[in-house]
Amino acid sequence: WIFVVALLPISCVYFYIQWFYRHSSREFQRLDNINASPILAQFTQTLSGIQTIRAFKGVEMSMKQMAKKVDAKALTYLYVNTSQRWLGVRLDVLGALIIVSSAVGCCIRAGNIEPSFAGLALSYATSLTMLLNWFVVRL
């Protein structure tokens, strides 16, 4: 029963983290995709007008423009990666709470359950943690 009582607030936190991550991740991915388009456009324009750029000695300017666009893209990629790391830390902490609550329940009922059932409970708690992490990331 201790595991079920502990699982209710933890599952509420899981759903909140899923909701928060989904909204922020969607925006970060949108920004990342928006910043990829100017790089491809600049590259295409540079290839098609390379003779003109060289004739008017605009190579340095073209390289600076491309560097600014690549920096903006790298920054949005950093945001996406940081949000994924943020999610990973939160999910690991919640998973540890699930496993600890299962272990505490097994310790409290130590005289009433067999060790094999305690191991099975811990194994299922670990499996539940992985399943919940998969649901948060994939759904």
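Setting aside neighbours within four places in sequence, D32 is in contact with K73, T76, Y77 and V80. Please keep in mind that this is a predicted model. D32 itself sits in helix α1, which covers residues 2–48. Is D32 buried or exposed? With a relative accessibility of 8%, D32 counts as buried, because the cut-off for buried is under 20%.

Now turn to helix α3 (residues 59–108) and helix α4 (residues 115–138). The two pack at an angle of about 160°, and their axes lie 9 Å apart. α3 is therefore roughly antiparallel to α4, since angles over 145 degrees count that way. The crossing of α3 past α4 is right-handed.

Which residues bring these helices together? On the α3 side, the contact includes L87, L91, G95, I98 and I99. These and others in α3 meet α4 residues, among them A118, A121, L122, A125 and L128. Sorted by class, the contact of α3 with α4 has 14 nonpolar residues, five polar ones and no charged ones.

Finally, have a look at the cysteines. The structure holds zero disulfides. C107 is in no disulfide, and the nearest cysteine sulfur, that of C106, is 7.0 Å away; a pair would have to be within 2.5 Å to count. C107 is exposed, with a relative accessible area of 61%. C12 counts as exposed too, at 53% relative accessibility.

Note on methods: Residues numbered from 1 in each chain as written. Predicted model: local features only at pLDDT ≥ 70, side-chain atom pairs only at ≥ 80, totals over all residues. Heavy atoms only, no water. Axes fitted to C-alpha atoms, helices over the stretch in contact; angles between N-to-C directions. Helix = DSSP H or I, 4+ residues; strand = E, 2+ residues; numbered from the N terminus. Parallel < 35°, antiparallel > 145°, perpendicular 65-115°, else oblique. Left-handed = near helix turned anticlockwise from the far one by under 90°. Contact = heavy atoms within 4.5 Å. Nonpolar A, V, L, I, M, F, W, Y, C, P; charged D, E, K, R; others polar. Buried < 20%, exposed > 50% of the residue type's maximum accessible area, 1.4 Å probe, protein only.
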